[in-house]
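My notes follow the display.

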Amino acid sequence: MNTEDKFETLSKGRLIVKNIIINPLINYLLPRKLLLHILKTNKSPLLEESIKDPGGWKSIHLSYENTAPESSVDKFVLHYGIFPMGLRNRKRMMTRILKELIHEYTEKGHVNIVGVGAGPGTNVIEAMAMAQRDNVTAYCLDLNDEAFAHGEMLKRRHGLEADRVKYIKGNAVDLDKHVKVTPHIIKLIGILEYLSDKEVADLLRFAHRALGAHGAVVTHSIYNKHGHERFMKHFLNLRLKYRSVSQISGMLEAAGFSIAHEEMEPLGIYSAIVGRK
Ligand SMILES: C[S@@+](CC[C@H](N)C(=O)[O-])C[C@H]1O[C@@H](n2cnc3c(N)ncnc32)[C@H](O)[C@@H]1O
């Protein structure tokens with residue numbers, strides 16, 4: 001583990017409380033109606049957003065920021081919820097991996113990064129700010145252009161000039177129509193779990209064709225390690241496609257990539273996977 005990653009973990013005590021009390025409560029005992037009532041009466045932007053737009057960029061953004069007011073339900077859910085913790089671990093791991101790849105590729109010239117289902121581009125913006133290299137441009141593709149205004153704010157926050165990250169509204173499955181540059185890195189973070197096997201296979205095949213020589217795909221697997229799947233499905237209507245490390249690595253290999261790196265964050269939900277052309 002890299003010392004710059006300050007990963008979030010669960011103590012043994014919290015793990016026991018989670019398995020014995022919290023999981024049965026949220027998965028089986030609390031009726032959805034009661035949870036919705038708690039939500040209505042306590043104001044939870046996170047849960048409201050998760051229900052309104054399951055898997056949307058805003059709930060992910062709230063999880064990354066983890067800055068809800070002290071007394072709110074969100075403070076508790078964001079801070080102690082296993083899924084928001086896993087998302088923050090994923091971002092720590094991904095931004096470090098992207099930063100290292102930026103360092104490697106910028107040695108040889110200008111670097112293009114394409115992010116698919118990128119939302120506001122949080123991962124790539126933070127990686128570019130950490131990498132401290134000027135010769136990098138990112139292209140962020142997303143179906144939802146509401147995320148882009150937020151991305152403009154993130155660029156300012158991290159001191160990146162506006163033209164270093166460009167936004168494109170479009171569908172991941174039409175990536176070939178939208179990408180007009182030769183990417184060195186294609187970033188598939190928080191997107192494969194929303195796509196079918198065929199869509200993933202097509203996307204990876206296109207990524208392999210589009211990337212320059214020795215280019216990299218940066219992606220991840222997702223594992224229902226802490227039994228959160230049932231709650232996510234029934235309460236939040238979030239039907240993710242859980243694919244293991246070996247499934248994602250196998251799909252990358254089938255598209256022509258060799259696996260260069262696999263790494264699991266300590267909660268065991270997300271594994272980063274890098275495929276090289
Ligand atoms: C869970 S968010 C992830 C955002 C960002 N990649 C991250 O990890 O912080 C998923 C994003 O994928 C976008 N998305 C979902 N399906 C898509 C598709 N078929 N094509 C492009 N974007 C898509 C959504 O609009 C949303 O912004």
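**Ligand shell**

I started at the ligand: α4 (57-65), α7 and β2 each supply at least two residues of the shell around it. Helices (H or I, at least four residues) and strands (E, at least two) are DSSP runs, numbered from the N terminus. The model is predicted, so to speak of local features I need pLDDT of at least 70, and side-chain atom pairs count only at pLDDT 80 or more, while totals for chains, interfaces and linings use all residues. Residues are numbered from 1 along each chain as its sequence is written.

I listed 21 residues around the ligand, of which Trp57, Gly117, Gly119, Ala172 and Gly190 come nearest; a residue is near if its C-beta atom, placed from the backbone, lies within 6 Å of the molecule. By class the shell has eleven nonpolar, nine polar and one charged residue. Here Ala, Val, Leu, Ile, Met, Phe, Trp, Tyr, Cys and Pro count as nonpolar, Asp, Glu, Lys and Arg as charged, and the others, Gly among them, as polar.

**Sheet**

I then traced an open sheet of seven strands with mixed pairing, in the order β3-β2-β1-β4-β5-β7-β6; two strands pair if DSSP finds at least two bridges between them. β3 (165-169) and β6 (258-264) are at the edges with a single partner strand each, so one side of each has no neighbour in the sheet. β5 (residues 216-222) and β7 (residues 270-276) pair antiparallel over seven bridges, and Ala216 has Arg276 of β7 as its bridge partner.

α7 lies across β1 (111-116), β2 (136-142), β3 and β4 (185-187), at about 170° to β2. Axes are lines fitted to C-alpha atoms, for helices over the stretch in contact, and angles run from 0 to 180 degrees between N-to-C directions.

**Helix pairs**

How do α6 and α7 cross? The axes of α6 (residues 82-106) and α7 (residues 122-131) come within 8 Å and cross at roughly 50°. The two are therefore oblique: under 35 degrees counts as roughly parallel, over 145 as roughly antiparallel, 65 to 115 as roughly perpendicular and the rest as oblique. The residues of this contact divide into eight nonpolar, four polar and three charged.

I also checked α3 (residues 45-52) against α4: their axes come within 8 Å and cross at roughly 155°, which makes α3 roughly antiparallel to α4. Pro45, Leu46, Glu49 and Ser50 of α3 meet Lys58, Ser59 and Leu62 of α4, contact being C-beta atoms, placed from the backbone, within 7 Å.

Conventions: Contact = placed C-beta atoms within 7 Å.
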